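Have a look at the sequence and the fold, then read on.

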Amino acid sequence: MPLKMVDATISSFDQVFEKFVSAAPKHQANFILFLADKEPSTSLSWCPDCVRAEPVIYKKLEGSSGDVALLRAYVGDRPTWRTPNHPWRIDSRFNLKGVPTLVRWENGAVNGRLEDHEAHIESKIDALISGK
């Protein structure tokens, strides 16, 4: 099945997330990937863990047998992300601590997550996709 992907920034997140949540029942699995913005000069993320994890995550989600939706939520540039009161750090729904973070979204809540240090590990991504 094709991977359905939508992007959001801090400023567009609430509106995009609302649509993502309302469409969630149509998909077998729904994921949110919190990741760092790309540097305009290089087109690469400022976060080395994101650079390493993104291709692995996309490969695994695209290869999944089910109908999968992915919301990519960009946390901003490094100074924005480092702010202790970053909106997704203090949002109790996400309680974000690092990027990249891949979460499985089910029944209106996070139901499993892979944080920065493990978000590139294929076996852990497979387990999150399968809901185990």
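Let's start with Glu106, which is partly exposed, with a relative accessible area of 26%. (Buried means under 20% relative accessible area, exposed over 50%, and partly exposed in between, using a 1.4 Å probe and protein chains only.) Glu106 forms a salt bridge with Arg104, and Arg104 is buried at 6%.

Before going further, some ground rules. This is a predicted model, where local features need pLDDT of at least 70 and side-chain atom pairs count only at pLDDT 80 or more, while totals for chains, interfaces and linings use all residues. Residues are numbered from 1 along each chain as its sequence is written, and side-chain values use heavy atoms, with hydrogens and water left out.

**Salt bridges**

The structure holds 11 salt bridges, each being a side-chain nitrogen of Lys or Arg within 4 Å of a carboxyl oxygen of Asp or Glu. Here are some of them:

| Pair | Closest N and O atoms |
|---|---|
| Arg72 and Asp7 | 2.6 Å |
| Arg104 and Glu106 | 3.3 Å |

Take Arg72 and Asp7, whose closest N and O atoms are 2.6 Å apart. Arg72 lies in strand E3 and Asp7 in strand E1, so this pair ties together parts that are 65 residues apart in sequence. (Helices, H or I with at least four residues, and strands, E with at least two, are DSSP runs numbered from the N terminus.) Arg72 is buried at 16%, whereas Asp7 is partly exposed at 40%.

**Aromatic rings**

You'll find 9 aromatic pairs here. Rings of Phe, Tyr and Trp (its six-membered ring) pair if their centres lie within 6.5 Å; planes under 30 degrees apart count as stacked, over 60 as edge-to-face and the rest as tilted. Phe17 and Trp105 have ring centres 5.2 Å apart and planes at 80°, so they meet edge-to-face. Since Phe17 sits in helix H1 (residues 13-23) and Trp105 in strand E4 (residues 101-106), parts 88 residues apart in sequence are tied together. Phe17 and Trp105 are both buried. Phe94 and Trp105 make a tilted pair, because their centres are 6.0 Å apart and their planes at 45°. One aromatic cluster includes Phe13, Phe20, Phe34 and Trp88, among others.
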